[in-house]
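Colleague: I am new to this structure and would like a close look at a single part, the surroundings of the ligand. Please also set that part against the sheet and the helices.

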Amino acid sequence: MASQHEQMVHMNRGQGKTSYARNSSLQNVEQNRMRLMIEETIADLCSTSSLFPRNMVVADLGCSSGPNALALVSVAVDAIHSQCLHFQQPQVEVCVLLNDLPDNDFNMVVTSLVAFQQSKKSVVTGIVPGSFYGRLFTSGSLHLVCSSNSLHWLSKAPEELKRNQIPAYDIDENVRVERRHVVIGAYARQFRKDFTHFLEMRAKELSSGGRMVVSLAGRRSEELASKFTHAWESVALVLSEMASKGVISKEKFDSFYIPIYGPSDEELREIIKLEGSFSIREMQVHEPSSGSDNMLITPSKIANLLRAGFEPIIVQHFGSSGEMMDEFVRTAERRWSKEGSLQQEMARNPRVTLAVSLKKVV
Ligand SMILES: C[S@@+](CC[C@H](N)C(=O)[O-])C[C@H]1O[C@@H](n2cnc3c(N)ncnc32)[C@H](O)[C@@H]1O
């Protein structure tokens, strides 16, 4: 069962100006980079068994709502259909299942699913609400699990920090630097627990030889631990500026913990190896701002992207309204208004996306 913390995690609903649906193009860039991994996985799944599959079950975990919700499963379904054509086999029946936490905008997802089902041959669809840290599907029922930009969300923020009243992000820089290893250590342990659990659950639900292609926010192993920053550093920076100016309460800011952790590629490898149910077929480390994505990295786009992803959890904690979030966006835009300042801030807090292709070993 999902914990109380999980229940409140969701992106901004609907299709309005501040919605995730309208502010998730950067996440979609990452989904597009997973295309080849998914296509290769489907080709493997169709060619390795002696019999061409008659039906397949594909799930996306942490689908959210808007155009990205169907992006990965759409690639998978198209790849399955191309394999049928290539091997001159009858259409495989595909069951597409979308998952997210119960507070997700599933009404919008259903509308997209109906259109999707009508546009594809031999596809049935379904929604599976619940936490991906628990059981979601019946044993051995899945062939492919996809997930993009979601697995850095923890099941909860580390209890030990809350219990000891250690802020996740101290406004005083000296204290922050001194305590960094304690804070990061607590977040890293929570991630290890959660990701191990995630692997154990999926190992039960995937069929023999079943596959996973997932991406999540992370950092490069080469980055010095002493320079380590939160995957949600930008949100903390903007909120700490608002707290320093008295726009939000400093006490409230000190007790605000976003349940997100971005592991290093090495950390991820180690957890997967130790858990033991999956072999790593491929791991890629993607820079967030290469090539054409630069067009998407403007102060206004990043401020609105942060709002779309974090407004629900911020509003819930600070008990505030949309006005505070308007101020959040203005503070972020002001902060990055000087030419190149956003890029400098990103360079000081280097983030990458880790994309990994896994095969169940038993
Ligand atoms: C940034 S969105 C990613 C959405 C989409 N996959 C994409 O790439 O744009 C992260 C999603 O993960 C969901 N999520 C977070 N923790 C989850 C959990 N424990 N179980 C299921 N979904 C979760 C959130 O509700 C949110 O919709």
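Modeller: What follows goes from the sheet to the helices packed on it and then to the ligand. The model is predicted. Seven strands form an open sheet with mixed pairing, in the order β3-β2-β1-β4-β5-β7-β6. At its edges are β3 (123-129) and β6 (278-286), each of which pairs on one side only. Ignoring direction, neighbouring strands of the sheet are turned against each other by 15° on average. Strands of a sheet pair through backbone hydrogen bonds, in either a parallel or an antiparallel sense.

Helix α4 (residues 71-86) lies across β1, β2 (93-100), β3 and β4, and runs at about 160° to β1.

Now the ligand itself. There are 21 residues around the ligand, and those that come nearest are Tyr 20, Gly 62, Asp 100, Ser 148 and Asn 149. For Tyr 20, a polar side-chain atom lies 2.6 Å from a ligand oxygen atom. The side chain of Gln 31 has an N or O atom 3.4 Å from an oxygen atom of the ligand. With Ser 131, the ligand atom is a nitrogen, 3.1 Å from an N or O atom of the side chain. On its own the ligand has 600 Å² of accessible area, and the protein covers 98% of that. Two or more residues of the shell come from each of α2 (25-33) and β2. By type, the shell residues divide into eight nonpolar, 12 polar and one charged.

Key:
Residues numbered from 1 in each chain as written. Predicted model: local features only at pLDDT ≥ 70, side-chain atom pairs only at ≥ 80, totals over all residues. Heavy atoms only, no water. Pairing = 2+ DSSP bridges. Helix = DSSP H or I, 4+ residues; strand = E, 2+ residues; numbered from the N terminus. Axes fitted to C-alpha atoms, helices over the stretch in contact; angles between N-to-C directions. Contact = heavy atoms within 4.5 Å. Near = heavy atom within 4 Å. Polar contact = N/O pair within 3.5 Å; in protein donor to acceptor, adjacent residues only side chain to side chain. Areas by Shrake-Rupley, 256 points an atom, 1.4 Å probe, with all protein chains shown as cover. Nonpolar A, V, L, I, M, F, W, Y, C, P; charged D, E, K, R; others polar.
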